[in-house]
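Dear colleague,

Please find the structure below, together with its sequence. My notes on it follow, and I would be grateful if you would read them with the model open.

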Amino acid sequence: MSAAPDAARAAAGVAQYDAIAVPYQRSKESPIRRYLESHGFFALLGEVAGLAVLDLACGDGFYTRQLRQRGARQVLGVDISTAMIGLACRQLLPADTGLDYLVCDVQDLPDLGRFDVVTAAYLLHYARDVGELGRMCRSIARQLPPGGRLVAINENPDQPECRYAGYLRYGFSKSVASPRGEGSPITYAMISGRELFRFEVYHFERATYEAALAAAGFTDIRWQPLELDPQGLAVMGAEYWSEYLGNPPVVGLTARRAG
Ligand SMILES: C[S@@+](CC[C@H](N)C(=O)[O-])C[C@H]1O[C@@H](n2cnc3c(N)ncnc32)[C@H](O)[C@@H]1O
């Protein structure tokens, strides 16, 4: 684990997850995370055996570890929060030389060497304005060869603000000050066990994301719903999933670096 230069603009992002690292880690046990988010993420990603993967906004390494377990040759997890990377490092196996972590704001990432795939489960919507979004997209593009893939989970930019309510059964709420505009803060409040914690992400229109990705050199940009694990349907029942699937708060996002 190494530290990168910090910047004043990074302070809010660091503080957010330094304060909620442990409850956020626990929230990964919920049915949504297990049957929808994880299953959907790996369905979008496909086979990773033998690949070098850069896992951005890796948090406590929830996906980073799984990427390695699924056969990725080399996985580097990057996160802005020292507390989240601390949790990830505590779960490192000493003998595993194929998995490593770095504390860094994605906007400030140097060229780390080429990766086959960049994953970013919940990163781009932490950009607070179009300038930050552009810096993140350019940083990601720098890490990929022509044809290399970005696989992300992101805020659903097409969700109307009037449909943010309705997620209490899943253990969280989502709200935004109206009228929502470009860069409006969206607040998530989550219940994990007996703890309530909050964090903020930012709204951008689909066209804004696509313009930032295209300007950074990405092509083949696709927004795709996360696929539900059939086991989740069997365990929780169709009614449980109906609101989330009919009104997804987040979506899959994939793109390819132009050749
Ligand atoms: C919702 S968590 C997701 C963690 C992990 N990907 C997962 O799904 O379990 C979002 C993470 O993004 C990190 N983050 C936010 N802005 C960042 C930035 N500019 N650079 C790197 N990490 C960032 C936060 O510290 C936090 O750990």
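The buried residues of helix H3 are Phe62, Tyr63, Thr64, Arg65, Leu67 and Arg68; a residue is called buried if 20 or more other C-beta atoms lie within 10 Å of its own, exposed if 12 or fewer, and partly exposed in between, with C-beta atoms placed from the backbone. Please note that this is a predicted model, in which local features need pLDDT of at least 70 and side-chain atom pairs count only at pLDDT 80 or more, while totals for chains, interfaces and linings use all residues. Residues are numbered from 1 along each chain as its sequence is written. Helices (H or I, at least four residues) and strands (E, at least two) are DSSP runs, numbered from the N terminus.

Since six of the eight residues of H3 are buried, the helix is largely enclosed by the rest of the structure. Against what do these residues pack? Their partners are helix H2 (31–45), helix H4 (82–90) and the strands E1 (52–56), E2 (74–79), E3 (99–103) and E4 (117–121), where contact means that the C-beta atoms of two residues, placed from the backbone, lie within 7 Å. Just after H3, Gly71 adopts a positive phi of about 105 degrees.

**The ligand shell**

There are 18 residues around the ligand, and Tyr17, Ala57, Gly59, Ser81 and Tyr126 come nearest; a residue is near a molecule if its C-beta atom, placed from the backbone, lies within 6 Å of it. Helix H1 (11–27) and helix H3 (62–69) each contribute at least two residues to this shell. By type, the shell comprises 12 nonpolar, four polar and two charged residues. Here Ala, Val, Leu, Ile, Met, Phe, Trp, Tyr, Cys and Pro count as nonpolar, Asp, Glu, Lys and Arg as charged, and the others, Gly among them, as polar.

Ala57 deserves a separate remark. This residue lies in the loop between E1 and H3 and has a positive phi of about 55 degrees although it is not a glycine. Ala57 counts as buried because it has 25 C-beta neighbours inside 10 Å.

Seven strands form an open sheet of mixed pairing, in the order E3-E2-E1-E4-E5-E10-E9; two strands pair if DSSP finds at least two bridges between them. E3 and E9 stand at the edges with a single partner strand each, so one side of each has no neighbour in the sheet. From one strand to the next, the twist averages 20 degrees. Axes are lines fitted to C-alpha atoms, for helices over the stretch in contact, and angles run from 0 to 180 degrees between N-to-C directions.

Within this sheet, E1 and E2 pair in the parallel sense over five bridges, and Leu56 has Val78 as its bridge partner in E2. H4 lies across E2 and E3 and runs at about 165 degrees to E3. In strand E9 (residues 218–224) one finds Asp220, a residue other than glycine with a positive phi near 55 degrees. Asp220 has 13 C-beta neighbours inside 10 Å and therefore counts as partly exposed.

An open sheet of three strands has the order E6-E7-E8, with antiparallel pairing. Strand E6 (172–176) and strand E8 (195–202) are at its edges, each with a single partner strand, so one side of each is left without a neighbour in the sheet. Eight bridges join the antiparallel strands E7 (residues 185–192) and E8; Pro185 is partnered by Tyr202 in E8. The loop between E6 and E7 holds Pro179, and the peptide bond from Ser178 to Pro179 is cis, with omega near 0 degrees.

**The nonpolar core**

Which residues have the most contacts inside the largest nonpolar core? They are Val53, Leu56, Val118, Ala120, Leu123 and Ala152, in a core of 67 residues. H2 supplies the largest share of this core, six residues. Such a core is a set of buried Ala, Val, Leu, Ile, Met, Phe, Trp, Tyr and Cys residues joined through C-beta atoms within 7 Å. Leaving aside residues up to four places away in sequence, Ala152 touches Ala120, Ala121, Leu123, Leu124 and Leu253.

With kind regards
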